[in-house]
Amino acid sequence: MRWMRFKVRTTSMAEDILISEMTDIGLYGAQIEDNVPLTAQEKEQMFVDIMPEEKPDDGLATVSFYVQLQEDGTLLLDEETGEIGQAAESGGSLASVPEHAGKHVTPEEVKASMEEKIRQMRSTCDFLGDGTVSIEVTEDVDWMNNWKQYFHQFWIDDILVLPSWEEPAVPEAMPALTFHIDPGTAFGTGMHETTQLCIRKIREHLTEKTRLLDVGTGSGILSILALMLGAESAVGTDLDPMAEPAIQENLEANGVDPAKFHLILGNLIDDKKTQDEAGYGRYDIVVANILPDVLVPLMPALKNAAEDGGVIITSGIVAGREGEVGDAMKKQGLTVLETARQGEWRCVVGRKI
């Protein structure tokens, strides 16, 4: 089995945003190479006696995406990567193309699609760096499973996040709860700082009567953890149909009653049907872990969904852009309660008066 590697030269600051944007064109999962210093937690998870020598952080990074290469030299796109195939046929904008499976495209077509996406990103993101895309064929490696050697159990305060192939590293440790997850290629694991910020803020405001709305729910991590911590119910919205099986797997793995979680596939920003199904003035906690470019236009819908006195938790905000989100809250008549920080990421919390 051969894989085509699409390598983007960028900056460490732009890694997460670049990866997120590339999902719009069907590229899921990424390999990151940079010189950002390892955190104490990351060092603990490497399970080595001698740490590798760390080079000075120059702010540069390489982000690589992998797609299976067919014998005829084309890329056969499946359900997760079908959007590129449709765009290659139509010549249209990738972000607006519906999902389409089973299309053969050339590596050059995928590269051109990535370059167009990067060009569009430059209008709103001034720290992408070089942005050059290169392509190469990799060795025969099981990329779909090889990543497991890098994902290990970790803690979010007193919550243990545990993949199925591991036992607790410290058997005598007593977590408040254990969250079981097997990471896939399309959604996160809870390890990212933005997710952890959301989890901490949800816990601060959660009660046994909490009704939670999770916008951009993905694999349902925030909603499922809230239910495990005692929330009454949760509703999640997402644009990606792959969210449904991911959520079902995580509900089952953690023994959570699926009747307490309702998934809505649709865009809460401007889709009246999605807004009506989610409801108005219903939620004690509304959480959105996305990006500022989405959070700002989303804010009116977040406000409308929250009940009076409800808390709105927003994350996915890179340092320096928290002011934009706070201003968007104030424009909607919300009170900004605080801005929480972890690493280079920010979480802005507001309340509907």
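**Helices in a predicted model**

Student: In this predicted model, which residues of α4 are buried?

Tutor: Buried here stands for a relative accessible area under 20%. In helix α4, which covers residues 107-121, the residues that count as buried are Pro107, Val110, Ser113, Met114, Lys117, Ile118 and Met121.

Student: How are the axes of α6 and α7 arranged, roughly parallel or roughly perpendicular?

Tutor: Two packed helices are described by the angle between their axes and the distance between the axes. For α6 (residues 193-205) and α7 (residues 221-228), the axes come within 10 Å and cross at roughly 30 degrees. Angles under 35 degrees count as roughly parallel, and α6 and α7 are therefore roughly parallel to each other.

Student: Which residues in α7 do Thr195, Cys198, Ile199 and Ile202 in α6 meet?

Tutor: Helix α6 passes α7 in a right-handed crossing. Contact asks for heavy atoms within 4.5 Å, and the four named residues of α6 meet, in α7, Ile221, Leu222, Leu225 and Ala226.

Student: What percentage of the residues in the protein are buried?

Tutor: The protein as a whole has 11 helices and 16 strands. Of its 353 residues, the buried ones make up 45%.

Notes: Residues are numbered from 1 along each chain as its sequence is written. This is a predicted model: local features need pLDDT of at least 70, side-chain atom pairs count only at pLDDT 80 or more; totals for chains, interfaces and linings use all residues. Side-chain values use heavy atoms; hydrogens and water are left out. Helices (H or I, at least four residues) and strands (E, at least two) are DSSP runs, numbered from the N terminus. The expected span of a helix is 1.5 Å times one less than its number of residues. Buried means under 20% relative accessible area, exposed over 50%, partly exposed in between (1.4 Å probe, protein chains only). Axes are lines fitted to C-alpha atoms, for helices over the stretch in contact, and angles run from 0 to 180 degrees between N-to-C directions. Angles under 35 degrees count as roughly parallel, over 145 as roughly antiparallel, 65 to 115 as roughly perpendicular and the rest as oblique. A crossing is left-handed if the near helix is turned anticlockwise from the far one by less than a right angle, and right-handed if clockwise.
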